[in-house]
Amino acid sequence: MATVIPVDMWPFLIFCVVVFGLLGVMLVASWYIGSKARHGGAQDIPYESGIVPVGEAEDMRLSIEFYLVAIFFVIFDLETIFIVAWAVAFEETAWLGYGAAAVFIGMLLIALLYEYRTGALDWGIKRRVYEPGRYAKVDSA
Amino acid sequence: MTILYLILFLLGAGLVACLAERLNVNAPRWISLLAFIAATIWTGAIWLGGVDPATGFYVVGELSWIPSLGINVILKVDGLSLVLVGLTTLLGIIAVVSSWSEISTNRGFFQFNILWVMAGVVGVFCAYDLFLFFFFWEVMLIPMYFLIAIWGHEDRSYAAMKFFLFTQVSGLLMLVAIIALVWLNYEATGVITFSYDELLNHEVSGTVASLLMLGFFIAFITKLPSVPVHTWLPDAHTQAPTAGSVILAGILLKTGGYGLIRFTVPLFEEASRDFAFVAMLLGVISILYGGYMAYSQSDFKRLVAYSSIAHMGFILVGVYAFNELGMQGAIVTMIAHGFSTAALFMMAGSLQERLHTREMSQMGGLWVKAPRMGAMTMFFVIASVGMPGLGNFIGEFLVLIGAFKVNVPLTVLATIGIVVAAVYGLSLMQRSFQGTPNPQVAAMEDFGFREISVYAIMIVALVWIGVYPQHVLDLAQPTLDALGVAL
Amino acid sequence: MTLTDLWVSFPLIVLVGGTLVLMIGVSIVRTHKLALGLTLLTLILSVAAHDIALENITTGYELFGLLNVSGIQVFFNVLFLLGAIVTALFAYPYFNERMERCEEFYILLLTATAGAMVVAAATHFASFILGLEILSISLYAMIAYPRESHQPLEAAAKYLVLSAVASSAILMGVALVYAASGTMAFAELNISPESGERSYFLLGQALICVGIAFKLSLVPFHMWTPDVYQGAPAVVTGYVATVSKGAVIALLINYVQATEVLSYTGVFYAVVFVAVASMIVGNLLALLQTNLKRLLAYSSIAHLGYLLIAVLVVNTARPELVLETVLLYVAAYFIITLAAFGIVNLTSEHATEDNEQMEAYTGLFWRNPLLASVLTAVALALAGIPLTVGFIAKFYVFAAGVEGTAWALVWALLIGSAIGVFYYLRLIYTMVKQVEPGAAALPQVGTQSVVAVTVLGLLIVVLGVYPTPMIDMIRTIVQASGF
């Protein structure tokens with residue numbers, strides 16, 4: 001081995017150098033270009049560029065549903081990719097592909113059922129599965 | 001198979017004793033005592049049964065265990081094993097009686113541990129399969145650890161840990177050596193076996209043999225113990241409860257000597273022969289160092305503990321003298337030391353029970369208050385010092401004659417050890433039982449029937465070996481012949 | 001796809017099907033008992049399905065070019081399923097006491113087990129990464145399951161971030177290896193020494209090794225282990241320590257045998273370094289712990305180091321001995337670790353926090369002799385002392401090390417065990433200490449978990465004294481798998 005770096009390693013090394021160089025440039029550039037004001041003024045306020053916030057940060061509550069909907073979108077969006085991929089190759093994959101896709105879509109349906117029943121799809125008031133003695137109390141968001 | 005039943009009997013008795021505590025707090029010690037008496041009689045019966053001429057052993061038992069690895073339960077009893085098994089069961093009785101009233105908590109578990117240690121030791125003395133041997137070797141550690149850690153004196157945690165750590169680590173070295181030996185045998189013959197007899201046929205030589213021999217040697221001299229791996233002993237002996245000290249000094253140390261005679265020397269004869277000088281030197285250093293340290297102790301038990309190191313040095317010297325006399329001496333010393341030191345540890349236990357101290361500065365002139373105790377101590381101190389007519393003398397004398405043939409300077413140094421023994425032995429006597437009576441000691445209860453009868457057993461044993469050692473020598477002779485020690 | 005394909009993958013199908021049934025069940029009626037019942041049924045059926053799978057394979061069966069199912073994989077799978085059964089049994093009383101919605105835990109348990117089974121059988125990077133992610137993502141949620149408490153959340157966050165780093169290391173490594181060799185199937189990964197892409201290949205292998213070492217929590221990639229072990233609920237910790245590590249071990253031995261990656265000197269010595277460091281550092285750090293879960297975490301680091309010895313001698317010792325050692329060690333480690341965390345778990349059933357401080361076990365011998373005996377067996381087994389299955393396992397590792405003439409590793413094992421004895425004994429000593437008057441009472445324990453723990457404790461001792469059935473079974477499996 002000695003200290004000679006194999007020829008084929010050069011692209012990789014250059015790649016590393018470029019990545020770290022880019023990182024460095026970004027950090028250094030922002031230091032010089034960015035505003036020097038540290039604290040004070042509007043620096044510590046969220047949304048400093050516009051609306052003046054009302055109340056404390058703890059009162060700034062976003063409904064959990066925003067995140068849930070975002071996650072569902074990501075999940076089901078991804079599933080669409082698989083289904084589209086299958087649809088394109090529908091002829092080639094034949095019945096085996098059909099069966100596999102059916103199983104896949106079946107699983108998605110079960111997941112959807114589960115989400116519906118646990119109240120994950122409800123906005124606002126949670127309509128949880130009623131069960132005497134256990135979840136008798138319907139709590140609000 | 002008898003010997004396996006004996007081991008299982010002791011293990012079973014341990015379980016019964018442990019559970020019996022719920023019925024009656026005194027039941028465990030009775031169960032334990034009866035079990036040891038039965039085991040002693042059992043051993044006696046094996047002795048009377050005589051050697052089976054077909055096998056050359058008293059008892060032979062084989063049972064398949066892990067056949068795919070060539071591991072089997074092979075237990076054989078020859079003369080040497082028989083003597084040591086007898087010593088074990090007899091000292092079992094003594095250990096139980098000596099702690100008759102000492103233990104007040106968890107008596108069932110206490111007797112359980114005693115019985116299990118003894119079962120492990122019997123296994124060690126009879127195992128003819130190296131895996132099985134190692135198995136028993138480690139098994140006897142755990143209950144011993146509990147004996148020290150639960151019922152020991154003030155510094156028990158440290159002492160128990162040190163004891164376990166030393167023996168366990170050196171044991172692992174032996175395990176590696178065993179596996180390597182088996183593997184070498186497998187390379188040569190294509191058979192995986194842990195059987196002692198078959199491995200005996202496989203000659204290992206050169207550096208490998210020396211390294212493997214060291215693996216065994218270190219494990220055994222740690223247990224013996226010899227300088228420089230002796231440091232666990234003073235702590236463990238001092239902190240252990242009386243029964244624990246009796247078992248440790250009386251039997252556990254002997255497993256080291258037994259291992260040297262049974263395994264290290266025959267398995268690696270060449271390597272051992274080359275190593276003999278170093279081993280004898282270690283023995284002599286142990287004798288002198290142990291004696292010196294014993295003299296400088298102020299704690300009764302610690303003094304006896306260091307004297308054990310000195311006596312064990314004789315075993316090392318005897319074994320590595322590589323002649324019949326030396327070996328015989330080592331074996332006799334093992335038996336005699338078992339009794340004399342066990343008795344002295346019991347004495348320390350009795351004194352602690354009565355005076356709540358082991359410091360000799362708090363004793364003095366006790367003979368007046370307890371003449372029977374004084375007389376007993378005197379007898380065992382003298383035995384331990386090596387008075388002719390008692391067992392220890394025979395052992396040490398034979399060792400010295402054996403060693404003299406091989407290495408005169410070392411023998412001279414070892415002989416000085418006997419003089420040192422007289423110094424610390426008599427100083428022990430002087431500081432505790434004689435001299436001006438200590439005013440702080442008000443009154444002290446003398447020995448009763450229970451104690452006297454136990455000491456009587458040991459006195460008889462020591463006088464028997466001292467006056468007529470031929471019984472022990474005859475028993476051990478076939479073992480020595482089988483070892484093929486060049487005479 | 002043939003019918004045989006179907007039969008061989010039947011255990012996995014049963015498991016996934018069971019998961020879906022459980023999901024439907026949870027959607028319709030939410031009962032903890034029903035969820036547990038369905039889970040146990042699924043797991044047991046999946047164990048039974050392995051019998052059908054075994055009938056359809058001879059030495060091994062290549063499934064879709066992604067998985068290879070042989071007797072060894074079946075052994076691992078059954079081990080994972082049994083581990084999951086024990087986990088489910090321990091989880092029931094634990095969660096029943098403190099949580100409202102416990103049913104999802106079982107769904108996660110089943111998916112994690114499915115992931116582990118895929119990882120263990122993977123012969124292709126695609127199936128490896130897929131399985132690993134299914135396993136890991138389920139584990140994040142399982143760790144954070146008691147979501148009202150602070151510690152599990154913290155542990156889950158740590159595990160999530162660090163595990164993602166490890167996964168990306170593996171992915172980068174896979175990309176490099178693929179770039180060099182043009183394949184992602186393990187068996188075809190070999191690359192000729194003259195090849196120009198050799199350094200890419202080695203770099204990729206190194207990154208994959210880093211990722212695997214992280215998953216196995218080997219030094220120096222062990223930082224997450226104590227925190228996650230401590231933070232996660234004891235049931236989950238037991239599962240992480242056994243099934244998730246067992247899966248990666250199975251993969252590692254597969255990978256090492258298929259790709260011969262250890263015949264590259266650089267990789268070999270790197271792994272030797274990792275093994276030695278794990279044995280020594282793991283044991284040394286365990287010495288300092290006063291928290292039982294953290295102690296077990298460091299001890300697991302050391303144990304994985306021991307196990308690595310068997311993997312490292314893959315080129316110098318007989319392959320059947322290597323496999324026997326790995327299978328036996330993993331099985332022993334499963335029993336011991338599940339028993340250990342089972343005890344932590346069952347003494348915590350009625351507490352708000354896990355009962356994990358060593359002090360809490362003071363005088364356990366006199367307060368609850370049964371539990372103390374089991375915990376003593378666990379400690380002795382972890383220390384590798386005879387009468388326990390831990391000794392048999394360590395004996396095998398010693399044998400593999402000696403036969404592979406890996407003396408440096410044997411020495412490290414010796415030193416590591418010596419240090420180990422120290423803290424395992426301290427645990428035992430804590431238990432035999434007399435209880436001080438006024439000490440907090442021992443938490444009340446449920447019968448069901450006590451039975452489970454006792455069975456595990458008995459297994460530790462019985463297999464330690466008479467290991468022949470287990471050894472013979474493993475030997476048969478290894479031989480039937482063509483070694």
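A: Start with the chain pairs in this predicted model. Two pairs of chains are in contact, and of these, chains B and C share the most contacts. Chains A and B do not touch. The nearest C-alpha atoms of chain A and chain B lie 35 Å apart.

Now look at where chain C meets chain B. Here 22 residues of chain C are in contact with 23 residues of chain B. On the chain C side, the elements that give two or more residues are α16 (389–403), α17 (407–432) and α19 (468–480). Of the elements on this side, α17(C) gives the most, with nine residues. What classes of residue make up the side of chain C that touches chain B? It has 17 nonpolar residues, two polar ones and three charged ones.

Next, turn to one helix of chain C. Helix α10 of chain C covers residues 234–259, which makes 26 residues. From its first C-alpha to its last, α10(C) reaches 36 Å. That is close to the 38 Å expected at 1.5 Å a residue. Still, α10(C) has a kink of about 30°. The kink is centred on V240(C).

Is α10(C) mostly covered or mostly open? It is mostly covered, with 24 of its 26 residues buried. For this count, a residue is buried if 20 or more other C-beta atoms lie within 10 Å of its own. Finally, see what follows the helix. E260(C) comes after α10(C), and the phi of E260(C) is positive, near 50°.

Conventions:
Residues numbered from 1 in each chain as written. Chains lettered and ligands numbered in written order. Predicted model: local features only at pLDDT ≥ 70, side-chain atom pairs only at ≥ 80, totals over all residues. Helix = DSSP H or I, 4+ residues; strand = E, 2+ residues; numbered from the N terminus. Expected span 1.5 Å × (residues − 1). Bend = angle between axes of the 7 residues up to and from the residue. Buried ≥ 20, exposed ≤ 12 C-beta atoms within 10 Å, placed from the backbone. Contact = placed C-beta atoms within 7 Å. Nonpolar A, V, L, I, M, F, W, Y, C, P; charged D, E, K, R; others polar.
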